[in-house]
Each structure stands twice: as structure tokens, then as C-alpha cells.
Amino acid sequence: MSNPVQLISPKRHGDARGWFTEIYSVPAFEQLGIPCTFVQDNHSLSVPAFTLRGLHFQTPPRGQDKLVRCVRGAIFDVAVDIRKDSPTYGKWVGVELSAVNGDQLFIPIGFAHGFVTLEDNCEVSYKCSDTYAPQSDGGIRWDDPAIGIDWPMPVGTVPELSAKDAVQPLLADFDSPFPYDGRPLAPLA
């Protein structure tokens, strides 16, 4: 049984001119056990280092699978299990995604997503399996002590947050509509 959150490292084919990589193809992702179809691409720029976006999700019936990559700079990308009755409910995994390493993180429906930028002028591009639906928009506090994400920021750093992210509810105040699919969250390979 595969990990629901997957770290994907696309192969880069390089020569003196630079490199080429295939970041998404339906057959390749089906082989990874990711059968979703992406219908929206998003792209964000975060100017100051230690800008934190998250933890976000969309509730059913408008849940979103996400495929995240950093195309300029570096981020620490996080997924938190928010599936009701999951043995790993409230647990998280995180990984550095950067323009240099080219890695991507697949985050399925039932996980909250967030990231913090590790340097100035970071650009993040991500695919979603459903379009944005304001009525389904949800979030959890980025600094919820029950989750305990170890954000890689210097001691005493206060991240740049949106007004919305500064007041998201705690996990304890969230009644999850996401079912558990039998696949517990595991450490990223």
C-alpha cells in the first residue's frame, strides 16, 4: 500500500544548453498510483523569505489533490493528515522543494497543505484536481501545537502571514468531513 503523500523527483535530461524534464503525464502518474486529473494550475510569488501560506484545503464535494513544485527559490512544503479516523490524524510530513532539486510533492484530498519560503522571491506552481470553490475553502492554524510542525525558521522569526492564515481554527475545533481510505501517512522516501 503506497503512502498517500508522495515525493516525486522527475528525471532531468541535461546537456551544455541546460536541462529538460517532464513534470506531469497521466500514464506516469497512474504508475505511481495517482489517477487524478488536474484541472487548474496556480502560481504564486512570495517576495520576503519566511512567508508562510497555509494550512489550506477544500472540503468535499470540492476537495483538491495538489501537485506542488517550487520553480524559483526554495520552500519547506508540508502536508497534514486531516482524514477522520485515520491512525495518523494530525501527523505531518515536510520536505524542501526548490528550483535546484526539481522535486514535487503530491498531496491528496484529505490533507491540509502549507509551505514557508526559505529565501526571498520564491515562486511556487501547483496543479489542482478541482477549481477554487470559496464555499469549500478551509484551513487549520499553521502553528497549532497539537500538530507541532517544525517549520525551518530562525528562532524568534515571525512569518509573513495573510490575515486569513493568522486566524485559522485549531485542529481540535475542526470536524473533518474527509474519510480515511486505509492508507496511513508514512515518512517520505
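Glutamine 104 touches quite a list of residues once its neighbours within four places in sequence are set aside: Gln6, Leu7, Ile8, Pro10, Ile23, Leu67, Val68, Arg69 and Leu97. Contact here means heavy atoms within 4.5 Å. Keep in mind that this is a predicted model, where local features need pLDDT of at least 70, side-chain atom pairs count only at pLDDT 80 or more, and totals for chains, interfaces and linings use all residues. Residues are numbered from 1 along each chain as its sequence is written, and side-chain values use heavy atoms, with hydrogens and water left out.

You'll find glutamine 104 in strand E9 (residues 104-107); strands are DSSP runs of at least two residues (E), numbered from the N terminus. Is glutamine 104 buried or exposed? Its relative accessibility is 1%, so it counts as buried, a label for anything under 20% relative accessible area (1.4 Å probe, protein chains only). The side chain of glutamine 104 also reaches the backbone oxygen of isoleucine 23 at 3.1 Å.

A cavity is a set of points on a 1 Å grid over the protein atoms alone where a 1.4 Å probe fits but cannot get out, and lining residues have an atom within 4 Å of a point. The count comes to 1 cavity of 30 Å³ or more, and the largest cavity has a volume of about 60 Å³. Its lining has 13 residues, with Phe57, Gln64, Lys66, Pro108 and Phe111 nearest the centre.

E5 gives the most, with 3 residues.

Note on methods: Helices (H or I, at least four residues) and strands (E, at least two) are DSSP runs, numbered from the N terminus. Buried means under 20% relative accessible area, exposed over 50%, partly exposed in between (1.4 Å probe, protein chains only). A polar contact is a pair of N or O atoms within 3.5 Å; within protein, one must be able to donate a hydrogen and the other to accept it, and residues adjacent in sequence count only if both atoms are side-chain atoms. On a 1 Å grid over the protein atoms alone, a cavity is a set of points where a 1.4 Å probe fits but cannot get out, and a pocket is an open set with protein on both sides within 12 Å along at least five of seven lines; lining residues have an atom within 4 Å of a point. Grid points are joined across faces, edges and corners, and a volume is the space filled by probe spheres set on the points.
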